[in-house]
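New page in the notebook.

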Amino acid sequence: MLSKPLNVLHVITGLTDGGAENSLYQLCQNDRHNVHRVVSLMDAGQYGPRLDSAGIEVVYLHMPHGRVTFAGLWRLWRTIRELRPDVVQTWMYHANLVGGVMARLAGVKAICWGIHHSNLMPGATGRSTIWVAKACGVLSRVVPSRIVSCSQHAVEVHRKLRYAAMKFVVVPNGYNLSLLTPDAEARTRVRTEWEVDDDTPLFGMVARFDPQKDHANLVAALAELKGLGWDFRCALVGGGMDADNAELVRLLEDYGVRERVLLVGRRSDIPAVMNALDVHVLSSLGEAFPNVLSEAMACGTPCVSTDVGDAAFIVGDTGWIVPPSDPRSLADHLAMALDEYADVPVWQARKQRAHQRVVDSFSVQRMIDGYSASWHQAYHV
């Protein structure tokens, strides 16, 4: 028997193009049982229009980036009081703090925080974010009923920050597998657009230009591969990954790989991009549950990733895991992938294993079921 439908109000810091934002969108769009509304502390970003198109009501508070305003807090409190949700689900540190406290003050008892981050190193993460994350650790005993984390690794990190350990629930991110699936036509279309013939091995990394993503690690590895005589191309996709990024262009030129790298910039057709790649690479210093790995694997694209967050858990035996900040190891494993890529039957079997792992473990329905169970536990406490 289906449980009672719940009115869920999501409070998220912003709706830019990130993993937590994508998970929120997938959850609201695909959950046909519960009723969803969203509050963005900032503006519409990339996902606001998508939520609007899906018929999800969104309230924008237009607070400045990194700042909380009294007017924004007042409107948030008033919105919660007017909507009277059964559950408030917050996403990311600033929304956990602000949304959680305002929900408590508005009389909501069932509050679930969302943790989507596992690297709080100074330099890679802003000081204000680290401060808010630590403040949430103190408040975790009194504000949330449950803390939903997308990764087990993130749970361990936050337990060390004195978050209330017994409140954690791990719900891996889920993916719409009707969109993320092997597609030969999309592969051909994108590679033709990029002028990469089908016989040329194509690496790729879908990630914004950010210190956490450690593109310098990838570029250094590509230089090693080139020095060993391997033929390949590499597409860099995401915000800031274009020829206008002088720092990135200089990095590629310094390592002598500019002619091997396609600077694609931001794309909205990520399933097609993943199909175009032969191997997806993730060179990050830190992640929680890197969505790009599952997205690539769902399209039958094997991955080489640094050992960050839950990357090893996601990849399983379908790809390769290397230490962070180790370009030589990354280059060695990219060479292993290229060597296997030349053996068509073996490579096809690996592609099929990658796809099947996501089907078995990371469907959007599994994510919906996990969140829904957490909301009901919080609601009935």
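Predicted model: local features only at pLDDT ≥ 70, side-chain atom pairs only at ≥ 80, totals over all residues.

I began just after α9, where glycine 256 has a positive phi of about 70°.

What caps the N-terminal end of α9? I found asparagine 245 there, with a side-chain oxygen 3.2 Å from the backbone nitrogen of glutamate 247.

Then I looked up which residues of α9 (residues 246-254) are buried: Leu248, Val249, Leu251 and Leu252. They sit on the same side of α9, because the arc they cover around the axis is only 160°. I also checked what they pack against, and got α8 (215-227), β9 (233-237) and β10.

**The sheet**

I read its strand order as β10-β9-β8-β11-β12-β13, six strands in an open sheet with parallel pairing. Which strands stand at the edges? I noted β10 (261-265) and β13 (320-322); each has a single partner strand, so one side of each has no neighbour in the sheet. From one strand to the next, I have the twist averaging 20°.

β11 (residues 279-282) and β12 (residues 303-306) run parallel and are joined by three bridges. Valine 281 has valine 304 in β12 as its bridge partner.

Last entry: what lies across β13? I found helix α13 (residues 327-341), which also lies across β8 (202-206), β11 and β12. I wrote down its angle to β13 as about 165°.

Terms used: Residues numbered from 1 in each chain as written. Heavy atoms only, no water. Pairing = 2+ DSSP bridges. Helix = DSSP H or I, 4+ residues; strand = E, 2+ residues; numbered from the N terminus. Axes fitted to C-alpha atoms, helices over the stretch in contact; angles between N-to-C directions. Contact = heavy atoms within 4.5 Å. Buried < 20%, exposed > 50% of the residue type's maximum accessible area, 1.4 Å probe, protein only. Arc of directions from axis to C-beta. Polar contact = N/O pair within 3.5 Å; in protein donor to acceptor, adjacent residues only side chain to side chain.
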